[in-house]
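Dear colleague,

Please read them with the model open.

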Amino acid sequence: MPPPGCGRSRRRWCSGSSIETSFSPFLDELEEKRNNTIATRNARLAAIRSFFHHVAAADPASFGVAQRVLTIPIKRAHIEVTHHLIKAEVDALIEAPNPRTPRGRRDRAFLLFLARTGARVSEATGVNANDLQLERSHPQVLLRGKGRRDRVIPIPQDLARALTALLAEHGIANHEPRPIFVGARNERLTRFGATHIVRRAVAQAMTIRPALAQKPVSPHIFRHSLAMKLLQSGVDLLTIQAWLGHAQVATTHRYAAADVEMMRKGLEKAGVAGDLGVRFRPNDAVLQLLNSI
């Protein structure tokens, strides 16, 4: 029995010698017409490859066709510099919302949560009251990460106070399975809502930090900024990996590669300078000693 997609009505997909050309226009269209990134293109190709792995196993007669599809190469993407904010810029964004309004207090608590925990947007918006442990001497929060990789993150006191006040304002008990960050309709905050909160804070904070206008500020940049701060404070990469919920330490290593200031300090510590040193000129005593040898 032929595998799905290789029946009589679609025999052309599995019989031609130019099967690669059937997918190349689709992959090119993703980039050129749909403006998808190379990472998205590679993700679609990975799905196609996964299907043809099944084809090769389920239908030995189509093994050659599957092999030709599996040889379509992954496109290499340009790795951009990891952007981050300095402490003064992060503080300016956190203080931008108006604390005299319910929306401003919600915005400030959300920005503070992103900045102090380094959570992804989906992790921050997905937090419920029963994920928080604010009554402990050392408060913490449970984050549900990608790939079902849950992790517990410590919460500093300023964030603990902001979350406690937010729960009290909305009448949410500590152990209720209710979202702590909600929108205008009292529903869980969406990714679009989170992005709008950050953009609003940027517009307000630019008056005192004009440099924010030149940076690609998004909810995710708080995650990068915390990682850089931890790295510069001497925290090892394995701890940062566990904190951010990365599957591999290689993902965390890019922060070390992006920290130019740490590289500069390493250069100074190693004694490597760009200018030429003063040439040694022996005095007469040294020359006489050398001549006598």
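The buried residues of helix α8 are Leu 159, Ala 160, Ala 162, Leu 163, Leu 166 and Leu 167, where buried means under 20% relative accessible area, exposed over 50% and partly exposed in between (1.4 Å probe, protein chains only). They cover an arc of only 165 degrees around the axis, taken from the directions from the helix axis to the C-beta atoms, which puts them on the same side of α8. An α-helix has 3.6 residues a turn, so residues three or four places apart point the same way. On the other side of α8, Arg 161 and Ala 168 are exposed.

This is a predicted model, in which local features need pLDDT of at least 70 and side-chain atom pairs count only at pLDDT 80 or more, while totals for chains, interfaces and linings use all residues. Residues are numbered from 1 along each chain as its sequence is written, and side-chain values use heavy atoms, with hydrogens and water left out.

Among what covers the buried residues of α8 are α6 (102–117) and β1, contact being heavy atoms within 4.5 Å; helices (H or I, at least four residues) and strands (E, at least two) are DSSP runs, numbered from the N terminus.

That strand, β1, belongs to an open sheet of three strands in the order β1-β2-β3, with antiparallel pairing, where two strands pair if DSSP finds at least two bridges between them. β1 (132–133) and β3 (150–154) stand at the edges with a single partner strand each, so one side of each is left without a neighbour in the sheet. In β2, Val 141 is the bridge partner of Leu 132.

Best regards
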